[in-house]
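Subject: Structure for you to look through

Dear colleague,

I am handing over the structure that we spoke about, and below it you will find my notes. Please open it beside this message and follow along as you read.

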Amino acid sequence: MKVPIIMLGSVSELQGYIDKTQLTEDLGGTLDYCHNRWLSRRTAIEGFAQKVKQTAQILQSFGTELAETELPNDVQSTSCLLATHTEKKDKMKEDIRLAVEQGDDILGSITKPVTENPEYKLNQDQLDNQTTVERLLSQLHETETAFDEFWIKHQQKLEQCLHLRNFEQNFREVKAALDIVSERLSAFSDVGNSCSHVEHILKDLANFEEKSYETIAKARMLASEGDAFIQSNHYAMDSIIPKCSELHHLCDAFATETERRRNLLNKSLELHDLLEKSMKWCDEGIYLLASQPVDKCQSQDGAESALQEIEKFLDTGAGNKIKELNKIYREYAPILNEDLKEHVQKVFQKQESMEEMFQKRQVSLKKLAAKQTRPVQPVAPRPEAFVKSPCTSPGLQREYISNSESSALRRVNYRRGKSEMTELHQSRGGSAMDDEENLAVLRQHVINELIETERAYVEELLCVLEGYAAEMDNPLMAHLISPELQNKKDILFGNMEEIYHFHNRIFLRELENYVEYPELVGRCFLDQMEDFQIYEKYCQNKPRSESLWRQFSDSVFFQECQRKLDHKLSLDSYLLKPVQRITKYQLLLKEMLKYSKNCEGAEDLQEALTSILGILKAVNDSMHQIAITGYDGNLNELGKLLMQGSFNVWTDHKKGHSKVKDLARFKPMQRHLFLHEKAVLFCKKREENGEGYEKAPSYSYKHSLNMAAVGITENVKGDAKKFEIWYNAREEVYIIQAPTPEVKATWVNEIRKVLTSQLQACREASQHRTLEHTQSLPLPSSSCTSPSRNHIRNTRKMEERKADLTSLEGYGTTVAPKNPEKSKGWAKASHSLDASEENDGWSSAEDPLNSSDAEEEGGGGGGEMKLTPGKYTVVTDYEKGVSEEFTVKSGDLVQLIREGEDGLWYVKNLSTGREGWIPANNLLMLIGNSKSAQSLSSSESGTASSTLSTSSSCSESCNASSTSFSDIKG
């Protein structure tokens with residue numbers, strides 16, 4: 001097609017061809033059109049359209065991503081995922097907001113002329129642009145609405161997932177806590193062994209229930225939360241429903257089981273209350289039988305009165321005794337284990353035994369009450385016919401009929417006399433049986449008291465360990481414990497747990513085996529005597545424990561523990577229980593021994609009592625020993641602590657300044673002596689300020705003496721309370737004044753035992769080496785000399801010398817080490833001290849030792865020994881003195897006081913303190929060749945020494961293997 005082309009030269013020519021309404025303003029027309037404006041607007045519309053398209057695509061991709069995302073299995077991941085998706089959603093919403101804002105701006109620019117001039121009409125192009133932008137905006141709004149709807153669903157699912165994960169996590173925690181609670185509840189299987197024990201368990205159960213309340217409340221709250229999820233149509237209902245059901249079941253089961261346990265314990269408390277009432281009733285009945293005097297019951301009125309007492313007491317048993325054993329078994333079957341069933345049987349047997357005793361007593365009393373007094377025939381009116389002998393036991397009276405009166409009675413009325421004698425013997429036998437029955441009743445009461453108090457003691461220890469010691473390790477109570485008290489449990493409670501396990505697992509069970517044989521209980525103590533040594537450790541720790549308690553007695557922790565235990569007394573009262581218990585045993589053993597003197601186990605009871613008293617003494621001595629300060633060595637190396645006590649001490653040394661010596665003689669020093677097997681320690685007592693154990697004294701160590709170099713003089717002229725301890729052949733002499741003569745005698749005897757054992761050890765070692773040396777010699781050629789005879793003769797000589805040595809009263813074994821300066825601690829000679837302190841300074845005595853021999857026995861002849869007043873050592877036993885109570889045994893030290901008439905000597909046994917008369921002939925046999933120790937009793941008697949020292953001979957015999965035993969001299 002050919003288009004005509006017209007060349008125009010001006011705008012006016014153009015207007016001739018095209019109407020002005022079709023021309024723009026720059027061509028002189030009236031058309032509102034700007035090409036640059038059209039280009040920019042068109043570009044903006046196309047950019048907006050592209051933005052809407054991209055936004056739709058991003059929203060589509062994000063929705064696909066959200067739909068395909070797997071839900072996490074834990075709370076943290078779910079929370080992170082929800083936060084990430086929310087952040088992306090917020091970004092998308094921001095992009096949509098910006099796109100909508102962009103479209104609104106474009107639409108506003110298109111409609112701006114109309115907004116400014118309502119009469120303005122948009123051209124077609126503007127109308128098309130407006131339509132396009134409005135369509136894009138509508139599409140964008142629809143996309144945003146669809147995304148919002150999808151996001152709400154997705155967000156709800158994520159939130160439900162988060163709730164589910166929280167629920168599952170809480171469920172696991174609560175389930176674990178419920179399992180622990182159920183396990184602890186199952187531990188309340190013990191039904192107790194006494195009322196106090198059951199009450200303690202009930203308190204523990206109540207405390208446990210209180211502590212478990214929080215866990216049960218959490219479980220019920222979590223179950224309610226799960227039920228709410230189910231009500232809100234949670235997407236994981238199939239997983240939530242079983243968990244909620246399990247929580248409800250566990251909570252209900254805990255409540256049911258707790259109530260069942262409480263009911264069982266209440267039932268157990270009821271049974272134990274009945275058993276204890278029955279036991280108490282039996283004990284009261286036994287006491288009633290024991291308290292009825294047998295002599296008063298012999299009369300008709302007395303028998304009737306005793307019978308009324310018994311009947312009145314039996315009436316009180318209606319509510320206090322077990323009536324039917326099978327009924328008890330049926331009623332308390334759920335709680336009757338083997339131990340409790342056995343206990344019920346024992347109580348019932350005791351009740352039956354007691355009732356049988358009552359029946360026998362009733363029968364006996366009824367006979368006595370019904371017996372009529374028969375008049376004595378007038379042919380024998382002499383009042384001497386019946387003579388009462390002294391009672392051999394309390395409440396027991398015996399009557400006998402003399403031969404002449406019984407003959408007269410037989411002549412008058414033989415049958416009546418025989419009948420009365422028969423009744424008399426029956427009455428006497430009945431009285432003896434009643435007396436033995438009373439002793440058996442008293443023994444049974446002592447063993448019952450011992451076992452019951454032992455059970456209570458074990459319960460108190462357990463209460464302290466669980467209520468205080470265990471709570472110190474409880475994290476829930478940690479905030480109540482001050483930092484200074486933490487990790488101090490071992491100091492506060494010592495070895496109480498060890499004591500508890502010994503009594504609970506061993507001693508209490510052993511004691512219960514002797515409930516039917518109370519007189520044999522001494523064997524139980526002897527079998528376990530070594531285990532009682534654990535109390536020494538507890539008592540040694542007691543001062544530290546009490547000091548710690550005084551610092552923290554006001555602690556909130558202790559107050560809270562006391563409140564939970566419902567104790568009226570504070571902890572320190574219970575920490576004193578072991579000390580009180582170990583001292584209680586000796587009292588119970590004394591009671592048992594008093595009622596068992598003629599029983600089979602009396603010797604065991606006496607030995608057990610002695611052993612317990614020995615333990616108490618060892619505990620007391622150790623409490624003093626641990627207070628020694630300033631000693632460089634190890635006290636354990638000194639051997640067993642034998643004695644300890646305070647004395648006045650004077651010194652009298654060969655060496656030292658004369659002025660110090662003079663002052664020392666007149667002014668005594670206050671010293672506390674500790675006698676060990678290998679040394680004696682001199683300490684100065686220093687009182688401490690404070691209260692309780694903090695006020696206990698301490699002992700400042702001054703010096704020590706090696707017992708291998710010590711001698712003693714048992715009597716000092718002018719004072720019966722003094723004795724001497726000398727050292728290194730009297731180079732150092734210590735005059736010791738005891739508080740009483742009895743204390744002095746005890747110390748002298750103990751020192752004598754130590755020195756005797758040392759001397760005996762030296763002799764045995766020397767004898768052993770002598771025999772070895774004799775056996776190693778060649779046989780003699782002479783046929784008339786028999787080695788066996790020589791050996792026997794030498795052995796006899798050795799035995800004679802041994803007897804002579806041990807028969808002396810005072811002696812000392814002064815065996816010293818070759819190098820005393822190398823000895824440790826106590827092996828040194830006496831240390832030099834400052835003379836300014838109480839004049840107790842002296843120089844050391846380290847010179848070689850000199851033997852302080854005893855006087856030679858004069859004559860050596862075999863003439864008859866003449867008895868003179870003095871002290872002698874008995875060489876054989878004697879039990880036939882004029883006084884039946886006066887006996888002497890081999891080794892006893894006796895003093896001949898004066899000679900009486902008929903060849904009798906008045907003798908005092910210094911070992912027992914008793915005095916009596918002994919015939920002179922028997923006395924010569926008793927003391928043999930033992931020499932009077934009168935001349936050896938005083939350091940001022942003019943002799944070289946008042947004691948026997950074996951320093952040279954013993955040291956040689958102990959160190960020289962070739963020395964003959966016969967060379968050792970007294």
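How many salt bridges does the count come to? The count comes to 39 salt bridges, where a salt bridge is a side-chain nitrogen of Lys or Arg within 4 Å of a carboxyl oxygen of Asp or Glu. Please keep in mind throughout that this is a predicted model. As background, side chains of opposite charge can pair when their charged atoms come close.

Arg97 and Glu94 are three residues apart in helix α3, which covers residues 75–110, so about one helical turn separates them. The side chain of Arg97 also meets that of Glu101 in a salt bridge, at 3.3 Å from N to O, and here the two residues are four positions apart in helix α3, again about one turn of the helix.

Another pair to look at is Lys350 and Asp283, whose side chains meet in a salt bridge at 2.8 Å, N to O. This pair links distant parts of the chain, with Lys350 in helix α11 (residues 338–370) and Asp283 in helix α7, 67 residues apart. Are these two residues buried or exposed? Lys350 is buried, with a relative accessible area of 14%, and Asp283 is buried as well, with a relative accessible area of 19%; the cut-off for buried is under 20%. Elsewhere, Lys93, Glu144 and Asp148 are linked in a network of salt bridges.

Next, please turn to helix α9, which spans residues 300–315. This helix has 16 residues and reaches 23 Å from its first C-alpha to its last, close to the 22 Å expected at 1.5 Å a residue. Which residues of α9 are buried? They are Gly302, Ala303, Ala306, Leu307, Ile310 and Phe313. When one looks down the axis of α9, these buried residues fall within an arc of 135 degrees, so they line one face of the helix. On the other side of α9, the residues Asp301, Gln308, Lys312 and Asp315 are exposed.

Two asparagines in loops also deserve a look. Asn233 lies in the loop between α6 (195–231) and α7 (237–291), and its phi is near 55 degrees, a positive value in a residue other than glycine. Asn487 lies in the loop between α12 (403–469) and α13 (489–493), and although it is not a glycine, it has a positive phi of about 65 degrees. Asn233 is exposed, with a relative accessible area of 60%, and Asn487 is exposed too, with a relative accessible area of 81%.

Finally, please look at the surface, where Ile6, Leu8, Tyr17 and Ile18 form a nonpolar patch with about 380 Å² of accessible area together. One of these residues, Ile18, sits in the loop between α1 (11–17) and α2 (35–68), and at 35% relative accessibility Ile18 counts as partly exposed.

Methods:
Residues numbered from 1 in each chain as written. Predicted model: local features only at pLDDT ≥ 70, side-chain atom pairs only at ≥ 80, totals over all residues. Heavy atoms only, no water. Expected span 1.5 Å × (residues − 1). Buried < 20%, exposed > 50% of the residue type's maximum accessible area, 1.4 Å probe, protein only. Arc of directions from axis to C-beta. Patch = residues over 30% accessible without salt bridge, like charges linked within 9 Å, V, L, I, M, F, W, Y side chains within 5 Å. Areas by Shrake-Rupley, 256 points an atom, 1.4 Å probe, with all protein chains shown as cover.
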